[in-house]
Amino acid sequence: MIIDTSKISSKLKAAWRFAGSLWYIKYIVVTAVGVVLVCFTGENSLMAHRRYQAQIEALQAEIQQNTEQFERDQRQLRLLQTDPKAVEQVARERYFMRRDNEDIFVLEDEL
């Protein structure tokens with residue numbers, strides 16, 4: 001069997017030219033790997049960013065609820081400091097206090 005080296009060398013030269021024309025592939029691969037690493041790993045990844053954003057939104061909602069509760073409590077406190085009827089109402093509703101000539105019946109819902 002005789003091997004024609006001219007055919008092999010021409011095939012190798014063609015393959016080498018093809019590989020040489022794709023020199024930019026290594027840059028594309030390195031860039032793609034870098035983008036994947038930045039997007040999906042580490043504490044500054046997109047996944048972590050989304051998780052932190054969800055925590056921020058939850059904390060802002062909690063701040064809003066606490067602010068509203070604080071304002072309601074402030075109004076109630078001002079009312080209790082100025083109106084004696086409000087003090088009597090709170091005493092009756094929360095602590096079941098009564099006047100001397102009254103009876104109190106507490107009704108509870110059973111679930």
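I take contact to mean heavy atoms within 4.5 Å. This is a predicted model, where local features need pLDDT of at least 70, side-chain atom pairs count only at pLDDT 80 or more, and totals for chains, interfaces and linings use all residues. Residues are numbered from 1 along each chain as its sequence is written, and side-chain values use heavy atoms, with hydrogens and water left out.

**Entry: Ser45**

I looked up Ser45 and its contacts. Leaving aside neighbours within four places in sequence, Ser45 touches Val38, Cys39 and Phe40. Is Ser45 buried or exposed? Ser45 is buried, with a relative accessible area of 4%. I call a residue buried under 20% relative accessible area, exposed over 50%, and partly exposed in between (1.4 Å probe, protein chains only).

**Entry: the whole chain**

I counted the elements next. The protein chain has four helices and zero strands. Their order from the N terminus is α-α-α-α. Helices (H or I, at least four residues) and strands (E, at least two) are DSSP runs, numbered from the N terminus. Of the 111 residues in the protein chain, 5% are buried. The chain exposes about 11000 Å². Carbon and sulfur atoms supply 60% of that area. I note the method for accessible areas: Shrake-Rupley with a 1.4 Å probe, and for residues only the protein chains shown count as cover.

**Entry: helix α2**

I checked the length of α2. At 1.5 Å a residue, its 16 residues should span 22 Å, and the end C-alpha atoms are 22 Å apart, which agrees. The expected span is 1.5 Å times one less than the number of residues. Just after α2, Gly42 takes a positive phi of about 90°.

Ile25 is found in α2, which covers residues 25–40. Ile25 is partly exposed, at 38% relative accessible area. I also found Ile25 in a nonpolar surface patch with Trp23, Tyr24, Tyr27, Ile28, Val29, Val33 and Leu37. Together these residues have about 800 Å² of accessible area. Patches take residues with over 30% relative accessible area and no salt bridge; like charges are joined within 9 Å, and nonpolar side chains (Val, Leu, Ile, Met, Phe, Trp, Tyr) within 5 Å.

**Entry: helix α4**

I turned to α4. Which residues of α4 are buried? They are Ala86, Val90 and Ala91. Seen down the helix axis, the buried residues of α4 fall within an arc of 140°, so they line one face. The arc uses directions from the helix axis to the C-beta atoms. Their cover includes α3. The face turned away from the buried side carries the exposed residues Pro84, Lys85 and Glu93.

The twelve residues of α4 should span 16 Å at 1.5 Å a residue, and the end C-alpha atoms are 16 Å apart, which agrees. Just after α4, Phe96 takes a positive phi of about 55°.

**Entry: the salt bridge**

How many salt bridges does a search of the whole structure find? The search finds one. The side chains of Glu88 and Arg92 meet in it, at 3.2 Å, N to O. I count a salt bridge when a side-chain nitrogen of Lys or Arg is within 4 Å of a carboxyl oxygen of Asp or Glu. Both Glu88 and Arg92 lie in α4 (residues 84–95), four residues apart, about one turn of the helix. Glu88 is partly exposed at 31% relative accessible area. Arg92 is partly exposed too, at 28%.
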